[in-house]
Amino acid sequence: MAIPTAEEFLGFPVGADRQMADWSQMCAYFRHLAKETDRMRLDELGLTTEGRPFICMTIAAPEVLADLETYRGIQKRLADPRGLSPAEAETLIARGKAVILHTCAVHATEIAASQVTMESVHELLTRDDEETRLILDNVIYLLIPSLNPDGQDIVANWYRKTLGTPAEGSNQPELYHKYTGHDNNRDWFMHTQAETRLCVAVQNAWHPHVVLDQHQMGPEGPRLFVPPFIDPYEPNIDPLLSQETNALGTSMAAELAMHGKRGVSTSVIYDAFTPARAYMNYHHGVRILTEAASCKIATPIDVARERLQARRGFDPLTANKDHPLPWTGGPWRLRDLCDYQKIAARAVLDHAARFRGRWVRGTYEIGRRAVTRRSPHAYILPPEQRDAGAAAELCDVLRRGLVEISEATAPFTADGVTYPAGTRVILLAQPFGAYAKALLEKQTYPDLREYPGGPPKNPYDITAHTLPLLLGVNAVRADRAFEAALRVLPESEAAGWPGAVAGPDNIPAAGGSAAATAKAPASASGWYQAPSSSNAAYRFAFGQLAKGGELWRGADGSFYMREPALAGTAPGCPVQAVEDAPAGAMRLRMPRIGVYRSHGAPIDEGWLRFVLEGFGIPYRTLYDRDVRGGALDQCDVLVMPSQPAAGIARGLPADVYPAEYAGGLGDLGHERILAFAERGGTVLAVDQACDWAIPALKLPVTNVLAGQPANAFFIPGSLLQVLVDTAHPLGAGMSRRSAVLFVRGPAFDLKEGRAVARFATSGTLLSGWALGIDQLLNRAAVADVPVGRGRAVLLAFSPHFRAQSRSTYPFLFNPLLVSAAATE
C-alpha cells in the first residue's frame, strides 16, 4: 500500500490558501508514516507545558536507523576528544554521519516551515533518486516539526474561528505560549520551559553539526533571509563554526537562486550575539536561521512595491552581492513561504550529505581546541554566597549545558587569593568550556552605528547575559593556571550547593530555588528568624502565608515566626532562634494580587505569571473588563506588567477584533485604578507600564528619558548597577549594590515620594552596551510614590525579565507583601 501524501491524509494541499493543519492532525499524519516505513522512527520525548505530545522524528537509511546508538556514540566521543588518539579519531570520522537537527514553529504564528515538513518528509520516505539516497546514507536527520505544539493549536483555533471576519489572519488575543510568547526562543541558556528542556535533551544526546531553525518575519523586507549573519558574533563561538555557517548559508542561497527564487538575502538584519537563542553554537554545532516573509497566517496578501521598506541598513529593492535578485512586490501566499523554506531545508540536507566528512571532522577539531584552552583558566565559585539557592541554580544551568563542575578537596590559591576546600571550580579547558565562559563573563558589546556619527544599530536581542550578575552570585575569574586538588562532581552533586539544591527541572518552580530544609535550634522564647537574603526565603514566606501561618517582617527584611514547626520547614533559609520579633515588625498576610492582562498579550505578563506560580503565589488575572467592572475591590495590589502605554489605554482595534477582545482600559478603567490607589491600594507598574501610570495616577514624577533620540540615549538590554535603600521595605532582601537588567526603560525624577533604588553614579554599566548613560546617573530606578492613602511603585526595569534576572525578584515580591502588611 502506497504511503499517503499529506494532501491525501488531510484532505487539502499543504500551503493551500486559508488552510492549516493543527497539532493533532500533524501528529496523526507523522505517526501514520512511521508505521509505514523503515526509513523513519518517531519518538514522543515528553509533554508540553499544556500537556500535548512533543515529538521528534529520526530519518535515515534503514541500516543507519538500526545502529543509531553506535553513531550517537561516535558523535559523543568526537565532541569530547580527551584521551582519543589521532588514529582513533580518524577511524571515527570515517564512520560517523552528519547529524542535522531541524526545528520549526517555535513562534507559532510562523507556520510555513512546520506545515511543509509533512510534504518534505513524505518525499524522503518515498523517493529513491540518487540525491535522496545520498542524504539517507550520510545524514541522520532529526526533525522536531513544532517546538511549540500548544501555540500551534492556539493559532489554528483562532485562525479558524476568525475566517471570513475582519480579524482573519490577525494575531490571537493571547500569548501563543502559556508563559513566554515570542520569548520562547530566548530561553536557550536558562531552560525554564518544558519545550526548551526537551529540545536541549536532543542536542545534548546528539551534538548535531547543524541546527536548522526556521522562522518568519514581517512582509515588508526580503522574501527569505539565510546566513551569513551580520556582526557582532558572540566572541566565544569557535571561528570554524562561523565560517561553516557562512559556507552553508551561501550554499543555501545558491540553491534558492537555482530555483529562481527572488528576494533571498544574506548578511542582513540578524546577528549571532546572544546565547539565549544559540545553545548549539557552544556545543560544536552551527545555527542556521531562516526567516521567511509572512503572509497573514494562511491568508494571502498583496505587497505593494512601496511597502517594501529599508531595515537595519538593508533595502529590499536594491540588488547587491548579498541580495542579487530583488523581489519587487505582488501577491504573497503561504505556498510561497512553504516553497522557500522547503528548498532551504533540503539544501541543508544535501550539503551535509555531500560534505559529511568535513562536518564530522569539525566536531573533533572544535572539541580538540576546547580541551586545550589556556586562558582564562577557570571561574571560581567561593562557598560563601549571599544566596546559596542562586549559586545552586547557576550550577544547574551550567550542568544542563554539559559543563563539568569541580570541587576543591583542599585549600588552594589562585591569582593570589586563597580559597577553602569545598570551593567550586569551573575549568574552561573542557569540551563545552566556551558555553561556561560565555555565560559567566561580562559582555562588552561593540558600539555599532548606522553610519559614522549616526544612530546606533539595533542589536537583534539584548546585549548582556552575565549569569552571576543575573543571579547575584559571586564568580571569580582566574586568568592564570593554578594547582588545586579537584574532583569532578557527578551530575547528582553538580546542580547542588551546600545548604541548597536546585528546584525540580530548574523551574525552581519558575525561577526561585528550592533548597534543603534547615532545622532551627530550639528557641527559649519561641521566636525564630529567617533572613531574606535568598529567594528561597520568599518562597517560604508566601508558602506559609498560603497555609495560614503567622509571619512578621522586621525592618532588616528578616521574617519572624513563633511556631517551631514553621521554623523547621524554611526551605533554603538559615533559621535561627531569637529573643523576640523586633518592635514595629510588620504583620504579614497573604496579599490579594491582581495581575493586569491586556488582550494585546504582552510577553512580560506571561513571564510574571510564570514566576508567581513558581513561587506558589496566588493571583487573579484581571482583563480590561474586570478592571472596569470593579474587580479591584477584591485586591490589595494591582501589578501592571511592562507594556506600551497606548496598548494599556486603547487595547486592540475594534474594527478588527470582536468586541470581547477590543479596547483597553479606557477612561473608566483609568478612573477605577486611580480610585483603587487613593483608597489604599498599591499599583505596581513595571518598565513601559510606568509611562501609563505616571499621567494616569497624576504622579509628581518625570521620566527623564522620554523622547530621547537613540543617538543621545540608547541602552537596548544591559546590566546596570543600582544603589538600593535596603532599609526601605521595598528594598529589603536586596544587596546595597545590585545589578538590574535595563531594556530601553525609563528613569525617574521625583518631586514627591522616595527613591528605593537609584542608578549608580559610577561603575553604572556592568555588562553590555550603553550610550548616553550619564542621563540616568543618580536617577530613581525604583520609586515609591504616595497616591491618596495608597501608593504607586514604579520599576524602571522588569524584575522578572524572562525568569533570568532572579537577583531582582525581591523588587517584585516586596511590594506584594507590603500591600497587605500591618505594623504591630
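Q: What stands opposite alanine 378 in strand 18?
A: Alanine 478 does. Strands here are DSSP runs (E, at least two residues), helices are H or I runs of at least four, and both are numbered from the N terminus. This is a predicted model: local features need pLDDT of at least 70, side-chain atom pairs count only at pLDDT 80 or more, and totals for chains, interfaces and linings use all residues. Residues are numbered from 1 along each chain as its sequence is written, and side-chain values use heavy atoms, with hydrogens and water left out.

Q: How many bridges do strand 13 and strand 18 pair over?
A: Three, in the antiparallel sense, with strand 13 covering residues 378–381. Two strands count as paired if DSSP finds at least two bridges between them.

Q: And what order do the five strands of that open sheet have?
A: The order is 18-13-17-14-19, with antiparallel pairing. Strand 18 (476–478) and strand 19 (486–488) each have a single partner strand, so one side of each is left without a neighbour in the sheet. The twist averages 30° from one strand to the next, using axes fitted as lines to C-alpha atoms (for helices over the stretch in contact) and angles from 0 to 180 degrees between N-to-C directions.

Q: Switching to helix 9: is it mostly covered or open?
A: Mostly covered, with 11 of its 13 residues buried. Buried means under 20% relative accessible area, exposed over 50% and partly exposed in between (1.4 Å probe, protein chains only). Among the buried ones are Glu195, Arg197, Gln203 and Trp206.

Q: What span should its 13 residues have?
A: Helix 9 (residues 194–206) should span 18 Å at 1.5 Å a residue, and its end C-alpha atoms are 19 Å apart, which agrees. The expected span is 1.5 Å times one less than the number of residues. Just after the helix, histidine 207 takes a positive phi of about 50°.

Q: Which residues touch the most other members of the largest nonpolar core?
A: Phe30, Met118, Val139, Met252, Trp332 and Leu398, out of 145 residues. Such a core is a set of buried Ala, Val, Leu, Ile, Met, Phe, Trp, Tyr and Cys residues joined through side-chain atoms within 4.5 Å. Helix 11 (residues 334–354) gives the largest share, 12 residues. A second, separate core has 97 residues, including Ala530 and Leu816.

Q: Last one, the rings. How many aromatic pairs are there?
A: The structure holds 29. Rings of Phe, Tyr and Trp (its six-membered ring) pair if their centres lie within 6.5 Å; planes under 30 degrees apart are stacked, over 60 edge-to-face and the rest tilted. Phenylalanine 229 and tyrosine 233 are edge-to-face, 6.3 Å centre to centre with 75° between the planes.
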